Amino acid sequence: LLAQLVIVTTVTQAQPYQIVNTENSVVGGDLNKTVTTIQEGDNPLNRFKMTKVVKATANQAFRAVILLLPPLGSGFQNYEVGENGDYNNSFVAYFARRNVALVGLSQRVDGLVAGSCESGVIDCSPMADWGLQTVLDDTTYIRQQIAVDFPGVPVIVAGLSMGSIAATAAINAHPNDYAGAILIDGTLHDTDPAVQAINTNFCGMFEGMLAAGIYYDGQSGPGIKFLSQLAQVAPNDPSLAPGFPPGLTNHQAFVFALSEPIVTPLSPRPGYFNVAGSTAEDRFFFANESLIHGSLAGFVNYATTRMFRDLNCGLAGETTFNNNLANFNGPVLMFASGHGFGTAMFDTAQLLSSADVSINFNAAHGHVDPMFATNHVKNLGQPIMNWVKDNF
């Protein structure tokens, strides 16, 4: 009877999530990729994807599993971008070929066609509830599947930007489920009063939008993708994009959009920009532009208001997703960009009082420069791999 009760309880707990599709392929010549679509409940919009990439070698011993969580604007595909479209030069391929299994989440907005919500083709009202807790819940499900597929292998949760924030939320909620964490310039904890004041205003704005029934942003993602496309196909043509200084070319407008320090809900700290560069010189300082364009090509078309609300309210001082970090005692590797989250990463390290925290700080980098720098293997891949070898 007790055994039956345990089985019934397990099935009941697992019932909201169901696998609806699985696709297998070979990428990079010798890497096996499995994409599993998982649905929560009955509404088909409540779906996300779990991707697994491993080296196609039988009976290999994995050093670790890295669970990759996505940036706000992308999915697992963000980590699959290689220079000039070459998968073999991607973040995922680098680690998969070194006996590390890569498993990742693509958030629920991933794959939605631009305009489908606005036109009423699909009912997007479920987005009202899609915030950081949704990502955390979906991550927890994936963590359970990792335990089945890779028993006994240490699991490291990792991510860039919002992926870093979600990884922090994961070790905060389930500190015993992860052997370590890799946090690449993203946090909800910032002790700077000016940052808190800026984000208090943004927090109130998004709470007002939720109350008014505005559940998503369907313009920002397609907008930056369009700028990226123009910068590639007609870089020297005069830019007609609204909101930019007059006289810019398409490529200069693209550089401006990524490199100018303008405070917005997506650049929520003074001096923050995504990629270090110069509009006047029409170039980026550290980033490999093909990696930037490759990443933006895979951007999602929607971001949810609740996610914006959670991110900005966290930076305003809300502690929902970082109030238990002192109980995580695994090693943590951080990358902090001086013009990204910068000193806030050091503030977050103070909350991880039981963990062994290492911080790689680059004062000149923009927010995503570590991921897309020309020397990203040296600046990001090798330090992570050395840290994995040292700790696992």
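S161 sits in the loop that links β6 (155-160) to α4 (162-173). With a relative accessible area of 15%, S161 is buried, because buried means under 20%. Leaving aside residues up to four places away in sequence, S161 touches P71, I184, D185, G186 and H367. Two of these neighbours, D185 and H367, are worth a visit of their own.

**How confident is the prediction?**

Before going further, a word on confidence. The protein chain has an average pLDDT of 94, and 96% of the residues score at least 70. Residues 1-14 are another matter: pLDDT stays under 50 there. For that stretch the model has zero contacts beyond four places in sequence.

**Around H367**

Where does H367 lie? H367 is in the loop between β13 (357-366) and α11 (369-372). Is H367 buried or exposed? Its relative accessibility is 2%, so H367 counts as buried. Not counting residues up to four places away in sequence, H367 touches L160, S161, D185, Y272, F273, N274, S337, H339, G340 and F341.

Two of these neighbours also share polar contacts with H367. The side chains of H367 and D185 are joined by a polar contact of 2.5 Å. Another polar contact, of 3.3 Å, joins the side chains of H367 and Y272.

D185 itself belongs to the loop between β7 (180-184) and α5 (193-211). Its relative accessible area is 0%, so D185 is buried. The backbone at D185 also deserves a look: phi is near 50°, a positive value in a residue other than glycine. Most residues other than glycine have a negative phi.

D282 gives a second example of this backbone feature, with phi near 60°, again positive in a residue that is not glycine. D282 is found in the loop between β9 and β10. At 26% relative accessibility, D282 counts as partly exposed.

**Two helices that cross**

Now let us turn to a pair of helices. Two packed helices are described by the angle between their axes and the distance between the axes. What are these values for α7 and α8? The axes of α7 (residues 250-259) and α8 (residues 289-297) come within 13 Å and cross at roughly 80°. Angles of 65 to 115 degrees count as roughly perpendicular, so α7 and α8 are roughly perpendicular to each other.

Which residues make the contact? From α7 come H251, F254 and L258, while α8 supplies E289, I292, H293 and L296. Sorted by class, the contact has four nonpolar, two polar and one charged residues. An α-helix has 3.6 residues a turn, so residues three or four places apart point the same way.

How many of the residues of α7 are buried? Nine of its ten residues are, so to speak, tucked away: α7 is mostly covered. The buried ones are N250, H251, Q252, A253, F254, V255, F256, L258 and S259. The cover over them includes α6 (220-233), β9 (277-278), β10 (283-284) and α8.

In α8, the residues L291, I292, H293, S295 and L296 are buried. What do they pack against? Their partners are α6, α7, β10, α11 and α12 (376-391).

P235 lies in the loop between α6 and α7. Its relative accessible area is 27%, so P235 is partly exposed. P235 touches L230, T249, N250 and H251, not counting residues up to four places away in sequence. Of these, N250 and H251 are among the buried residues of α7.

T343 is found in helix α10 (residues 343-351). At 47% relative accessibility, T343 counts as partly exposed.

| Pair | Separation along the chain | C-alpha distance |
|---|---|---|
| P235 and A253 | 18 residues | 9.4 Å |
| T343 and F321 | 22 residues | 19 Å |

**Back to the start**

To finish, return to S161 in its loop between β6 and α4.

Definitions and conventions
Residues numbered from 1 in each chain as written. Heavy atoms only, no water. Axes fitted to C-alpha atoms, helices over the stretch in contact; angles between N-to-C directions. Helix = DSSP H or I, 4+ residues; strand = E, 2+ residues; numbered from the N terminus. Parallel < 35°, antiparallel > 145°, perpendicular 65-115°, else oblique. Contact = heavy atoms within 4.5 Å. Nonpolar A, V, L, I, M, F, W, Y, C, P; charged D, E, K, R; others polar. Buried < 20%, exposed > 50% of the residue type's maximum accessible area, 1.4 Å probe, protein only. Polar contact = N/O pair within 3.5 Å; in protein donor to acceptor, adjacent residues only side chain to side chain. pLDDT = per-residue confidence, 0-100.
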